[in-house]
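Subject: Structure handover

Hello,

Please find the structure below, followed by notes on what was found in it. The notes take the sheets and the helices packed on them in turn.

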Amino acid sequence: MTSPTATLLVSCPDQRGLVAKLANFIYSHNGNIIHADHHTDFAAGLFLSRLEWQLEGFNFAREEIAPAFAEMAEPLQATWELHFSDAVPHIAIWVSRQDHCLLDLIWRQRAKEFSAEIPLIVSNHKNLKDVAEQFGANFYHIPMTKENKLEQEAKQLELLRQYKIDLLVLAKYMQIVTADFIAHFPRIINIHHSFLPAFPGANPYERAYERGVKIIGATAHYATPELDAGPIIEQDVVRVSHRDEVGDLIRKGKDLERVVLARAVRLHLQNRVLVYGNKTVVFG
């Protein structure tokens with residue numbers, strides 16, 4: 001779709017006629033809806049919706065859409081986001097020593113699997129500096145210890161502001177991000193090398209091996225102050241057997257980590273993820 005589009009993500013208390021009201025907002029201003037997806041969480045009493053429409057011929061200018069929709073959304077007690085398809089987000093990637101997720105994201109970005117720029121890579125080690133420079137990203141080495149964590153996170157937050165970052169991806173960063181950091185910048189996707197909620201925290205492959213599991217997994221989720229417990233965006237699994245050693249689990253797991261993280265980033269960038277509470281709706 002070359003023509004630019006607008007997307008609304010809406011969450012509000014469930015009631016009759018919501019689909020009609022939302023669709024009519026677009027139709028009454030000469031909008032052509034190209035994707036519509038809705039879901040009701042009956043237990044939570046919430047209606048959740050994603051509507052995407054062509055901007056060509058729409059009666060409102062871009063800057064007029066949000067104020068106009070806000071008037072309709074207020075009596076519905078709705079929370080909502082408005083996005084435009086031709087906006088190019090800036091992604092920052094935090095890494096440690098492992099390169100497989102970083103290289104995969106860079107390759108997919110360069111192959112135009114998703115539309116975004118990656119101007120910033122930060123690491124607590126220097127191992128991946130050459131990778132960043134090879135692909136034209138600015139690399140910052142910011143070592144982390146318990147003693148300097150708050151000071152160093154302040155430097156990281158300043159970099160996010162300096163580079164106008166829209167999304168932070170923890171691509172095997174292997175560091176716990178503090179609650180204060182998340183409060184200042186909540187748009188963070190993390191990849192965890194287990195099928196959460198199983199084996200959160202450190203050394204999940206070793207613990208999975210000790211437990212004798214028959215499948216291992218990877219989970220991409222939004223970061224929250226509670227370790228590895230944020231809203232899940234994407235997961236996948238692969239079978240393992242009694243013949244597999246820890247090294248085999250790690251090798252198989254790395255393949256999953258790449259794919260799961262890439263899917264989650266792409267879904268986020270396509271504005272297909274709606275968070276409510278500690279859950280997500282992922283619209284297809």
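**Strands, sheets and helices**

In strand 7, I121 has F139 as its bridge partner. That pair belongs to the contact between strand 6 (residues 117-123) and strand 7, which run parallel and are joined by four bridges. Helices (H or I, at least four residues) and strands (E, at least two) are DSSP runs, numbered from the N terminus. Two strands pair if DSSP finds at least two bridges between them.

This is a predicted model, in which local features need pLDDT of at least 70 and side-chain atom pairs count only at pLDDT 80 or more, while totals for chains, interfaces and linings use all residues. Residues are numbered from 1 along each chain as its sequence is written, and side-chain values use heavy atoms, with hydrogens and water left out.

Axes are lines fitted to C-alpha atoms, for helices over the stretch in contact, and angles run from 0 to 180 degrees between N-to-C directions.

Strand 9 (residues 188-192) pairs with strand 10 in the antiparallel sense over four bridges, and I189 stands opposite Y222 in strand 10. Strand 10 also pairs with strand 11 (residues 232-239), again in the antiparallel sense, over seven bridges. There T219 has Q235 in strand 11 as its bridge partner.

How many residues of strand 10 (residues 215-222) are buried? Seven of the eight are, so strand 10 is largely enclosed by the rest of the structure. Buried means under 20% relative accessible area, with a 1.4 Å probe and protein chains only.

An open sheet of four strands has the order 2-3-1-4 and antiparallel pairing. Its edge strands are strand 2 and strand 4 (79-84), each of which pairs on one side only. Direction ignored, neighbouring strands of this sheet are turned by 10° against each other on average.

Strand 3 (residues 46-54) is mostly covered, with nine of its nine residues buried. On one side these are L46, L48, R50, E52 and Q54, and on the other F47, S49, L51 and W53.

Strand 3 pairs with strand 1 (residues 5-13) in the antiparallel sense over nine bridges, and F47 in strand 3 is the bridge partner of C12. Nine bridges also join strand 3 to strand 2 (residues 32-41), antiparallel to it, where T40 stands opposite F47. Strands 2 and 3 form a hairpin with four residues between them, and G45 in the turn has a positive phi of about 70°. Strand 1 and strand 4 pair over six bridges in the antiparallel sense, and A6 has F84 in strand 4 as its bridge partner.

Helix 1 lies across strands 1, 2 and 3, at about 25° to strand 3. Helix 2 lies across strands 1, 3 and 4, at about 160° to strand 4.

**The pair formed by helices 1 and 2**

The axes of helix 1 (residues 18-27) and helix 2 (residues 62-76) come within 11 Å and cross at roughly 165°. That makes helix 1 roughly antiparallel to helix 2, a term for angles over 145 degrees.

Which residues of helix 1 and helix 2 meet? L18, K21, L22 and F25 in helix 1 meet I65, A68, F69, M72 and L76 in helix 2, where contact means heavy atoms within 4.5 Å. The residues of this contact divide into eight nonpolar, no polar and one charged. Here Ala, Val, Leu, Ile, Met, Phe, Trp, Tyr, Cys and Pro count as nonpolar, Asp, Glu, Lys and Arg as charged, and the others, Gly among them, as polar.

Regards

Methods: Parallel < 35°, antiparallel > 145°, perpendicular 65-115°, else oblique. Buried < 20%, exposed > 50% of the residue type's maximum accessible area, 1.4 Å probe, protein only.
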